[in-house]
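These are my notebook entries on one protein model. I looked up a few things and wrote down what I found.

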Amino acid sequence: MPRERLYLFDTTLRDGAQTNGVDFTLADKLAIARMLDDLGIDYVEAGYPGANPIDTSLFAEKRPMRATLTAFGMTRRPGRSASNDPGLVALLDAQADAICFVAKSWDYHVRVALETTEEENLASIRDSVRAAKAKGREVLLDCEHFFDGYKAKPAYALACAEAAYDEGARWVVLCDTNGGALPHEVEAIVGEVCKVIPGDHVGIHAHNDTEQAVANSFAAVRAGARQIQGTLNGLGERCGNANLVSIIPTLKLKPEFAQKFNIGVSDEKLHSLVHASHTLDEMLNRAPNRHAPYVGESAFATKAGIHASAIMKEPKTYEHVAPEAVGNRRKLLVSDQAGRSNVLAELERIGLTVDKDDPRVGRLLDEVKEREAIGYAYEAADASFELLARRMLGKVPHYFEVEKFDVNVEQRISAKGDRVTVSQAVVKVKVGDDVLISASEGIGPVNALDLALRKDLGKYQSYITGLELTDYRVRILNAGTEAVTRVLIESQDETGEHWTTIGVSPNIIDASFQALMDSIVYKLVKSGAPA
Ligand SMILES: [Zn+2]
């Protein structure tokens with residue numbers, strides 16, 4: 001049976017850009033648009049020309065791409081003609097392949113928010129679609145609050161959708177704007193719509209306010225809709241939009257959908273999904289969600305020893321899809337529950353070959369257990385685990401030695417009369433026969449220490465120039481009689497690789513120092529720096 005085409009519409013740059021704390025620059029937007037295009041997304045909604053200077057300049061020139069570049073905007077205002085509405089005129093002038101209009105489809109909103117008549121709202125939809133078609137644009141209509149509108153007055157909600165379809169809109173998109181619809185309602189209502197508008201002209205736009213935006217999108221597809229709108233990582237105001245990063249692999253890997261539909265994302269591009277998801281997080285300066293389905297670091301992580309031995313024999317025993325399909329990897333957590341099989345699997349992944357009966361495996365396991373008892377958590381610190389394992393196997397060169405460091409924090413009144421706190425660190429490092437002393441100021445003691453440590457590592461300096469700390473987390477633990485501090489540091493380098501290191505001590509500076517040292521040494525090992 002030939003498979004039907006299902007279209008993906010991404011609105012990360014429009015609906016997603018409305019998220020609290022998200023502020024894309026023009027360069028960010030263009031980079032994300034290129035990434036979406038490369039992934040195989042069919043429609044990239046890049047913004048709302050006229051609404052802000054960035055979106056206006058984005059659409060001021062042609063941005064060639066394979067995807068259909070889409071501009072968002074409102075239908076003509078009530079009581080005006082299409083040619084006499086400056087907002088609509090600006091939208092029609094935008095250099096876009098398609099225009100996605102948003103219009104009311106809930107009679108209550110027409111009355112209260114728009115303060116116009118139902119008939120005038122329908123006329124506005126018809127005029128706007130016609131004007132955009134006349135400009136040669138592909139047209140979509142987002143029916144705002146469609147599901148609430150349908151529940152209140154089905155005939156009017158349908159009339160809004162039909163008005164756009166009859167005027168030649170390529171897609172009529174049913175929006176769950178408030179995000180409160182449930183999957184069975186969505187399936188029933190989309191089924192009714194598809195009786196009057198062919199499903200291959202119907203789209204779904206779901207918000208995640210009951211955490212069912214993804215489920216609602218699939219419910220709509222089951223009922224006949226053939227376009228799904230969503231965002232990368234579910235970005236979007238309030239609780240977000242339908243998450244395309246979860247939707248895409250489900251469409252590709254679950255037989256119910258994979259046997260029935262083709263999407264624009266190839267098997268090969270599916271491998272880049274983790275990368276796409278993390279690239280967006282990086283742009284937003286957010287730590288990726290470890291528990292994100294398919295792409296999270298924990299999505300294919302297994303902790304208990306008994307599961308780990310089964311997974312090594314037959315991965316399908318505990319995995320619903322193969323992690324490699326989306327560019328993720330299987331992770332067997334090394335932890336206090338770890339069995340030998342976890343440790344062996346981790347060693348194999350790192351690329352350290354050891355015989356499974358090697359006594360050093362048992363020693364490493366004992367060491368991990370001992371350290372975890374005093375507060376270390378290696379399942380969260382892969383790079384520190386790797387160093388521990390390499391040291392146990394005698395494979396970490398002695399690159400340098402910190403002979404001593406000194407960190408101070410000073411609070412004083414500045415010349416302007418403000419109370420300021422400054423930190424300074426001085427580090428004495430021995431590299432071979434050279435003794436190097438570096439000092440640095442920082443916004444806090446750990447920052448000062450980090451800057452001083454990385455200021456001059458002599459012959460190793462060139463290996464760490466691309467090293468950067470991306471996250472720093474501190475937790476106070478009550479282990480035994482005294483409180484200890486656990487520090488986790490996430491680092492990244494010029495290749496985009498991320499790793500996490502750990503330090504534990506009663507003293508926060510000492511714990512931070514251990515984690516910083518591990519991060520630097522890990523980078524040197526990874527870069528193949530000579531001993
Ligand atoms: Zn929305």
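What is the handedness of the crossing of α8 and α9? I looked it up: the crossing of α8 and α9 is right-handed. By definition, a crossing is right-handed if the near helix is turned clockwise from the far one by less than a right angle, and left-handed if anticlockwise.

**Ground rules**

I note that this is a predicted model, where local features need pLDDT of at least 70, side-chain atom pairs count only at pLDDT 80 or more, and totals for chains, interfaces and linings use all residues. Residues are numbered from 1 along each chain as its sequence is written, and side-chain values use heavy atoms, with hydrogens and water left out.

**Entry: the whole chain**

I counted 20 helices and 18 strands in the protein chain. Helices (H or I, at least four residues) and strands (E, at least two) are DSSP runs, numbered from the N terminus. The C-alpha atoms fill a box of roughly 85 × 65 × 45 Å along the principal axes. Of the 531 residues, 52% count as buried. Buried means under 20% relative accessible area, exposed means over 50%, and partly exposed is in between (1.4 Å probe, protein chains only). I also checked contacts (heavy atoms within 4.5 Å). Among the contacts with a separation of 6 or more, 66% join residues 24 or more positions apart.

**Entry: α8 against α9**

Back to my opening pair. Two packed helices are described by the angle between their axes and the distance between the axes. Helix α8 covers residues 183–196, and it packs with α9 at about 30°, with the axes 8 Å apart. Axes are lines fitted to C-alpha atoms, for helices over the stretch in contact, and angles run from 0 to 180 degrees between N-to-C directions. α8 and α9 are therefore roughly parallel to each other. The cut-offs: under 35 degrees is roughly parallel, over 145 roughly antiparallel, 65 to 115 roughly perpendicular, and the rest oblique.

Which residues meet? P183, V186, E187 and V190 in α8 meet A215, N216, A219, A220 and R222 in α9. By class, this contact has six nonpolar, one polar and two charged residues. Ala, Val, Leu, Ile, Met, Phe, Trp, Tyr, Cys and Pro count as nonpolar, Asp, Glu, Lys and Arg as charged, and the others, Gly among them, as polar.

I then looked at cover. Seven of the 10 residues of α9 are buried. They are A213, N216, S217, F218, A219, A220 and V221. G224 follows α9 and has a positive phi, near 125°.

**Entry: α5 against α7**

Helix α5 (residues 118–134) and helix α7 (residues 154–166) come within 8 Å, and their axes cross at roughly 20°. That makes α5 roughly parallel to α7. Their crossing is right-handed. On the α5 side I listed E118, N121, L122, I125, R126 and V129; on the α7 side, Y156, A159, C160, A163 and A164. This contact divides into eight nonpolar, one polar and two charged residues.

D15 sits in the loop between β2 (7–10) and α1 (26–39), while H207 sits in the loop between β8 (202–206) and α9 (213–222), 192 residues apart. Both D15 and H207 are buried.

**Entry: α17**

Is helix α17 enclosed or open? Nine of its 11 residues (the helix spans 382–392) are buried, so α17 is largely enclosed by the rest of the structure. The cover includes α15 (340–350), α16 (359–373), β18 (498–505) and α20 (508–526). I picked out E386, which is in this helix. E386 is buried, with a relative accessible area of 11%. Leaving aside neighbours within four places in sequence, E386 is in contact with I350 and Y522. G394 follows α17, and its phi is positive, near 70°.

**Entry: positive phi**

Most residues other than glycine have a negative phi. I noted E115, with phi near 50°. E115 lies in the loop between α4 (107–112) and α5, and at 68% relative accessibility it counts as exposed. R238 has phi near 55°. R238 lies in the loop between β9 (227–230) and α10 (244–253), and it is partly exposed, at 48%.
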